[in-house]
Amino acid sequence: MQFVPVSYPENGKNSGRMFTISGSVIIKLISPKRRTSPSLCRRCFILNFPVLEVFKSYQCRWLNVKMLKILAPLLASFQMVRSFLRCTPGQSEDCEIEICGDNLSYFNFDGFSLENIVLSHPSKVANVCLNVNSMERFIQRGKIGSRALLLLGGLSSVVRCLELSEYVIEALAHAEPPCSLPIFDGLTSLKVSSTWSNTLCTGPLMELVNSAPALEKLIFTTLIDDVNYEESNSLPTNFSSNLKVVEFRLFKGRASEIQLVKFLLQNLLILEQLVITKFLGDTKVEVENQLLMLPRSLSRVSIVFL
């Protein structure tokens, strides 16, 4: 396994740049940081990796790149974490990432915005993670929602495990223009992670659950500080769910968490198990008793502390 640093020039002579690397590699891409003329920024950056299986971009600034195109027929895992494309310095633009390869099975995008994502052959993408945390929570919500819908719509029939930040879940419900959620026929596991606001909107979450008829497990991977019920005074029309397990990876037993558990117990009609993986509070027995006393749709739901 090789570690290959790659930098691209800033002379602006060509509208596109292509790098071809053969062999199993881990790539670190280094962007130039000096300011350039807008006339030099409209470029397509092409990476050609004939045998690459894993692509990772961590905290990488892709400056002066309008479109990133990755040609990798054997690529199985794509991960872009805390990285972004920026064509014009200081401006937020519609940049695009296109992945060309028919072997991709894992897609992970973690950042402060969401680029236009194009997957040329999405038929094997069973695991997807979209963890977006926009600093402009309401300003960018419509755009991020529409981009997430476009991406997930193309994956709805193949994705099996999906992880979304609470911001993405909320943005899906506020996409511009408005659009219905796709039906995730094969989705069996949904993970929810909180972002800087730590506020979960149960309305959009239940809409997503309602759009996944085969969903059996819902996992909250991080602490939830607040729950917004204002948008969800009622469940989606004809709401139904096959959820059998709800898991909290981290749980403190605060009032907002207890209310969320109460909401789920009352509305998930065939729920079998509520799992607390790691309890961070000081009064475990007291919290456990509170949870056991909550009203539920079925008395057979077991509450388990691991």
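The questions and answers below go through this model from its overall make-up to single residues.

Mentor: Please note that this is a predicted model, in which local features need pLDDT of at least 70, side-chain atom pairs count only at pLDDT 80 or more, and totals for chains, interfaces and linings use all residues. Residues are numbered from 1 along each chain as its sequence is written, and side-chain values use heavy atoms, with hydrogens and water left out.

Trainee: How many helices and strands does the protein have?

Mentor: Helices (H or I, at least four residues) and strands (E, at least two) are DSSP runs, numbered from the N terminus. Counted in this way, the secondary structure comes to five helices and 21 strands.

Trainee: What percentage of the residues count as buried?

Mentor: Buried means under 20% relative accessible area, exposed means over 50%, and partly exposed lies in between, with a 1.4 Å probe and protein chains only. The protein has 306 residues, and the share of them that count as buried is 52%.

Trainee: Among contacts between residues at least 6 apart in sequence, what percentage join residues at least 24 apart?

Mentor: A contact means heavy atoms within 4.5 Å. Among the contacts in the protein between residues at least 6 apart in sequence, the share joining residues at least 24 apart is 71%.

Trainee: How many disulfides does the structure hold, and how far is Cys100 from the nearest cysteine sulfur?

Mentor: A disulfide is a covalent bond between the sulfur atoms of two cysteines; here the term is applied to a pair of cysteine sulfur atoms within 2.5 Å. The structure holds zero disulfides. Cys100 is in no disulfide, and its nearest cysteine sulfur, that of Cys44, lies at 9.7 Å.

Trainee: Is Cys100 buried or exposed, and is Cys179 buried or exposed?

Mentor: Cys100 has a relative accessible area of 18%, so it counts as buried. Cys179 has a relative accessibility of 52%, and therefore Cys179 is exposed.

Trainee: How is the pair of Phe55 and Phe78 classed?

Mentor: Rings of Phe, Tyr and Trp (its six-membered ring) pair if their centres lie within 6.5 Å; planes under 30 degrees apart count as stacked, over 60 as edge-to-face and the rest as tilted. The structure holds five aromatic pairs. In one of these, the ring centres of Phe55 and Phe78 are 5.3 Å apart and the planes are at 5 degrees, so this pair is stacked.

Trainee: Which strands does this pair link, and which residues form the cluster?

Mentor: The pair links distant parts of the chain, 23 residues apart: Phe55 is in strand S5 (residues 54-58) and Phe78 in strand S8 (residues 77-81). Both Phe55 and Phe78 are buried. Ring pairs join a cluster made of Phe55, Phe78 and Phe107.

Trainee: Where is Asn108, and which side chain makes a polar contact with its side chain?

Mentor: Asn108 is found in strand S11 (residues 106-111), and its relative accessible area of 10% makes it buried. Leaving out residues up to four places away in sequence, Asn108 touches Phe78, Gln79, Met80, Val81 and Cys129. A polar contact is a pair of N or O atoms within 3.5 Å; within protein, one must be able to donate a hydrogen and the other to accept it, and residues adjacent in sequence count only if both atoms are side-chain atoms. At 3.3 Å, the side chain in polar contact with that of Asn108 belongs to Tyr106.

Trainee: Why does the span of helix H4 agree with its number of residues?

Mentor: The expected span of a helix is 1.5 Å times one less than its number of residues. H4 (residues 255-267) has 13 residues, so it should span 18 Å; this agrees with the distance between its end C-alpha atoms, 19 Å.

Trainee: Is Ser256 buried or exposed, and which residues does it touch?

Mentor: Ser256 lies in helix H4. Its relative accessibility is 15%, so Ser256 counts as buried. Not counting residues up to four places away in sequence, Ser256 touches Ile224, Asp225, Asp226 and Val227.

Trainee: Where is Lys252, and how far apart in space are Lys252 and Gly281?

Mentor: Lys252 is found in the loop between strand S19 (245-248) and H4. Its relative accessible area is 36%, so Lys252 is partly exposed. Lys252 and Gly281 are 29 residues apart in sequence, while their C-alpha to C-alpha distance in space is 4.5 Å.
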